[in-house]
Amino acid sequence: MDKVRFLMIGVGGMGREHIRRLLNVPEAEIVALSDPSEKAISLVKESFPQLAGIAVYSDYKEAIAQSGADAAVIVSPHSMHFEQGMACLDGGLHVLMEKPFVSGSDNAEAIIAHAEKVNKHLAVAYQRHLMGPYMYIRDLIASGELGKINFITAYQAQRWLIGATGTWRQNLALSCGGQLNDSGSHLLDVVLWVTGLEPESVTAMIENHGREVDIDSAVTVRFKGGAIATFNVVGSASIGWHEDVSIHGDKGSVLYRNNQILVAKEGERGLTEISQQELPASSDPDVDFVNLVLGRVSEAAAPSSCGLRIARLTEAAWDSAANGSKVISLA
C-alpha cells in the first residue's frame, strides 16, 4: 500500500479540520463522506472544492460497505463512537477516533479487544502527543532531569458553558458527559502521557451550572509512587481558551503556559524560557495515523490505551463528585 483511502464519518467543525489536514498528506486520499446533515456535507464541498464530486452517504454503514476505504476518521457525537468504530473494524477499516474515544471504560475495553482480534489499528486523536512543547516536556521528564515527580497542577479555562449551549455537546445522551469529558479529556490525557504516572485514587467536585452535563470540575489525583495532581477544568470561563500545566520534581520544575515553556533545574536560579528552536517539530494525528497504517511507525502517538485510561479516570471523577467527593480507588 502506498496510499491510505479515508472515509470521513462526521464532517462538522472538527471533521473539516481532519479533512484539511488529510488533504495536505500526499499519501492520503479522502474517498467518501458520511454525515446525516446535508448542511454539513454542503459546507465541506464549499470549503474544499477538490471534494466536489466525492461520494456521500447519510448512512455510515453503507459508506463502510461501498466506499472502498482503508481507514475511517470518526468525528461524530461521542455516544456514536463505539457503534461506528466497531462497524468500521468489522468492515476491515483502521480507525482514528476523535477524543474522548468511546463512551465508558467497558466500551473502551471491548473495542480495543476487537481491534486486536481483527488486526486493525485503533488510535485516538489526542494531538498534544504531537505538539512540540508537550513532546519537549515528556522528553525532559523521561531524561530524569527533574528527578522524581512530586506534584502537578493542570488548569484549563474555556468559554464552554455559553459556547456549547444548544449543541449536542451539552446533551448528555449524545455527549455522554460535559467539559471534563470534552476539552478536559485533553488535559487529563496529556498529564498522564508526559509524566508516565499511573492514577491510584481520585476525588472530585463538579458544578453543572444548571445544565445536564458537568461544566466546572476540580479533580485531585493521587498517583502510584506518591505524586499528587490537581486538575482544574473551567467551562464557565469568559475567555476563549487558556491552558497551564506545572510539573514539579525533586530536582526541577517545568511550566507550560499556553505554548510557552519555562524550566527551573536544581542548582540554577530562576526560570529559563525554552525557545521555539529547542522544541521538537510538531505534527498532527492525521499524519501520524497515515504513517501508522503504512507501517512507518509501530505505534500511534496516542494509541487506544490512552482513551481507556482517560475513560477510567473520568468515570472515577464523576463517581467521586456524585458521592460527596468520596475517594475512588483506581488501584
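Biologist: Which side chain does Glu243 join in a polar contact?

Modeller: Keep in mind that this is a predicted model. In it, the side chain of Glu243 makes a polar contact of 2.9 Å with that of Arg128.

Biologist: And where is Glu243 found?

Modeller: In strand β11, which covers residues 236-249.

Biologist: Buried or exposed, that Glu243?

Modeller: Buried, because its relative accessibility is 2%, and the cut-off for buried is under 20%.

Biologist: What is Glu243 in contact with, leaving aside neighbours within four places in sequence?

Modeller: Arg128 again, plus Tyr134, Tyr155, Gln156, Leu187, Tyr256, Arg257 and Asn258.

Biologist: OK, salt bridges now. How many does the structure hold?

Modeller: Twelve. One of them pairs Arg21 with Glu17, at 3.2 Å from N to O.

Biologist: Where do Arg21 and Glu17 lie?

Modeller: Both are in helix α1, residues 13-23. They sit four residues apart, about one turn of the helix.

Biologist: Why does Arg21 count as buried, and what about Glu17?

Modeller: Arg21 has 11% relative accessibility, so it falls in the buried class. Glu17 is at 23%, so it counts as partly exposed.

Biologist: Which residues are linked with them in a network of salt bridges?

Modeller: Arg20 and Asp286 join Glu17 and Arg21 in that network.

Biologist: Switching topic: what does Glu27 form a salt bridge with?

Modeller: Arg296, with the closest N and O atoms 3.2 Å apart. Glu27 is in the loop between α1 and β2 (28-34), while Arg296 is in the loop between α10 (285-293) and α11 (304-322), so the pair ties together parts 269 residues apart in sequence.

Biologist: How do Glu27 and Arg296 count for accessibility?

Modeller: Glu27 counts as partly exposed at 22% relative accessibility. Arg296 also counts as partly exposed, at 49%.

Biologist: Last one. Which side chain does Asp182 meet in a salt bridge?

Modeller: Lys99, at 2.5 Å from N to O. This pair links distant parts of the chain, 83 residues apart. Asp182 is in the loop between α8 (172-175) and α9 (183-195), and Lys99 is in the loop between β5 (94-97) and α5 (105-118).

Biologist: Are Asp182 and Lys99 buried or exposed?

Modeller: Both are buried. As for the pairing itself, side chains of opposite charge can pair when their charged atoms come close.

Methods. Residues numbered from 1 in each chain as written. Predicted model: local features only at pLDDT ≥ 70, side-chain atom pairs only at ≥ 80, totals over all residues. Heavy atoms only, no water. Helix = DSSP H or I, 4+ residues; strand = E, 2+ residues; numbered from the N terminus. Buried < 20%, exposed > 50% of the residue type's maximum accessible area, 1.4 Å probe, protein only. Polar contact = N/O pair within 3.5 Å; in protein donor to acceptor, adjacent residues only side chain to side chain. Contact = heavy atoms within 4.5 Å. Salt bridge = Lys/Arg side-chain N within 4 Å of Asp/Glu carboxyl O.
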